[in-house]
Amino acid sequence: MTTTNTYPKDNWRGLFKAFQLIELFRERYPDIPMQTVSVFLIIAMRTSVYQRELLKLLGISQSSVSRNVMALSDVNRRGDPGLGLITQQRDPLDARQVRLRLTPAGIELANRVAAMGQSRDTGSN
């Protein structure tokens, strides 16, 4: 039994770009969970975001937000080195608020992801 690609070329391009995005993250961070990638992308799409906002933006629990933010920071929840892609800064006017921003490494990765989305060269079908 043989199968054929029944996706129109436009759909295939979108799927290929999604595949490239996943592979970009897997190349650098082989064990990164998809939820952590989602948290990174939300932070990358904004100049900065309060950690509390991620609850509503992603619809995940506070513990999941904390775990993923720590994984993306310099030190993860186990005290091991994190990915170093974001910084956490307490708001000077409200210590309960934590502002998240990309580090230079996070900006570089976000730029690579953005360039991938703008690229028209997706290979051949």
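**Figure 1. Arg26 and Glu23 in helix H1.** Arg26 and Glu23 lie three residues apart in helix H1 (residues 9-28), and so are separated by about one helical turn. Helices here are DSSP runs of H or I with at least four residues, and strands are runs of E with at least two, numbered from the N terminus. This is a predicted model in which local features need pLDDT of at least 70 and side-chain atom pairs count only at pLDDT 80 or more, while totals for chains, interfaces and linings use all residues. Residues are numbered from 1 along each chain as its sequence is written, and side-chain values use heavy atoms, with hydrogens and water left out. The two side chains form a salt bridge, with N to O at 2.9 Å; the term denotes a side-chain nitrogen of Lys or Arg within 4 Å of a carboxyl oxygen of Asp or Glu. Arg26 is partly exposed at 47% relative accessible area, and Glu23 is partly exposed at 27%. Buried means under 20% relative accessible area, exposed over 50%, and partly exposed in between (1.4 Å probe, protein chains only).

**Figure 2. The salt bridge of Glu53 with Arg46.** The closest N and O atoms of this pair are 3.9 Å apart. Glu53 is partly exposed, with 30% relative accessibility. Arg46 is also partly exposed, at 36%.

**Figure 3. The salt bridge of Asp80 with Arg78.** Between Asp80 and Arg78, the closest N and O atoms are 3.8 Å apart. Arg78 is exposed at 60% relative accessibility, whereas Asp80 is partly exposed at 37%. The whole structure contains five salt bridges, this pair being one of them.
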